[in-house]
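Here is a briefing on one protein model. Please keep the sequence and the structure in view while reading.

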Amino acid sequence: MAESNEIKPLVDAWGTATSFLVVMPGSASLDTMAAALGLFLAVKESGKMVMVASSSEATVEQARLVGIDAVTAKLGNRNLVISFDYIQDAIEKVSYNVEGKKFNLVIQPKEGVKPLDPASVNYGYEGSDAEIVFVVGAKSLAELGNLYLTEKNLFDKAMVVNIDNQPGNSRYGQVNVVDNMSLSVSQMMVQLPQSLGLKLSAEAAGN
C-alpha cells in the first residue's frame, strides 16, 4: 500500500470531488474485478456519484461478485449520441434549430437520395465528466482499450489514480498506488477506502 504522503493529493481532492469512475482493463482477473467492485461499492455507499467500467464482459467466476451488474462497457452518460445507418456521400447538410422548447436536428439528404429512415435511428449516451478516475489492475492506460481511446480527453482532465501490483507498471497516474510486493490488488484495496474515510460494507468487504 502507498504511504500516506503518496496519496495526499487524492485525499485533498476527495472532499470537493463529486463524480468518480472506476475502470479496469478487458483482461481483468478475478482479483482485479473484486478490488474494483469493492471500491465502487464503497464510493457509492458514501453517497458519491460513481460508475464502474470494463472493456470486456465478466467471466463466469466473476459473476458471483456483488455489483457485477453495474459494470458497463461505456464511460458516462453526459452526451446524447444519435446514430443511424449511413450511406457514403448521402448527406448534404446537418443543421439544427430551436422551436419553443424543442431542439430539432435537421439532416438533409443530397438530391436524388432517399430521406433518412426513422426506423434506423438509435439513441444512446457516452462521455463522462468524472473528476477522479481510479484505474485498477492496468500497467498502462493503453490496456484499457476503447475505454481510453474514446475518452482520452477525460483522462487528460481528471485526476488518474493508478492502483496495481504488477511489475512493469508505467506509473501513469497523478497518484500511483503501486506495490509490486503485494500478493493481490484486493489486499491493497482494503486500506485505500479507509484512507478516504469510507466504510466497507459487508458486500464491499466480501468482494
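This is a predicted model: local features need pLDDT of at least 70, side-chain atom pairs count only at pLDDT 80 or more; totals for chains, interfaces and linings use all residues.

Residues are numbered from 1 along each chain as its sequence is written, and side-chain values use heavy atoms, with hydrogens and water left out.

**Nonpolar cores**

- The largest nonpolar core has 37 residues. A nonpolar core is a set of buried Ala, Val, Leu, Ile, Met, Phe, Trp, Tyr and Cys residues joined through side-chain atoms within 4.5 Å. Buried means under 20% relative accessible area, exposed over 50%, partly exposed in between (1.4 Å probe, protein chains only).
- Leu10, Val22, Phe134, Val136, Val161 and Ile163 touch the most other members.
- Elements giving two or more residues to this core include α1, β1 (19-24), β8 (132-136) and β10 (175-178). Helices (H or I, at least four residues) and strands (E, at least two) are DSSP runs, numbered from the N terminus.
- The largest share, 10 residues, comes from α2.
- Another core, of 17 residues, lies apart from it; Leu141, Leu154, Phe155 and Tyr172 are among its members.
- Val136 is in contact (heavy atoms within 4.5 Å) with residues including Val22, Ala35, Ile163 and Met189, leaving aside neighbours within four places in sequence.

**Helix α2**

- In α2, 12 of the 16 residues are buried. Among them are Leu37, Leu39, Phe40 and Leu41.
- Gly47 follows α2 and has a positive phi, near 95°.

**Asp164**

- Asp164 sits in strand β9 (residues 159-164).
- Asp164 is buried and has no salt bridge. A salt bridge is a side-chain nitrogen of Lys or Arg within 4 Å of a carboxyl oxygen of Asp or Glu.
- Lys139 is the nearest side chain of opposite charge, 7.3 Å away. Lys and Arg count as positive and Asp and Glu as negative; His and the chain ends are not counted.
- The Asp164 side chain makes polar contacts with the side chains of Gln166, at 3.1 Å, and Asn169, at 2.8 Å. A polar contact is a pair of N or O atoms within 3.5 Å; within protein, one must be able to donate a hydrogen and the other to accept it, and residues adjacent in sequence count only if both atoms are side-chain atoms.

**Salt bridge**

- The whole structure holds one salt bridge. Asp12 pairs with Lys8, with the closest N and O atoms 2.9 Å apart.
- Both residues lie in helix α1 (residues 8-14), four residues apart.
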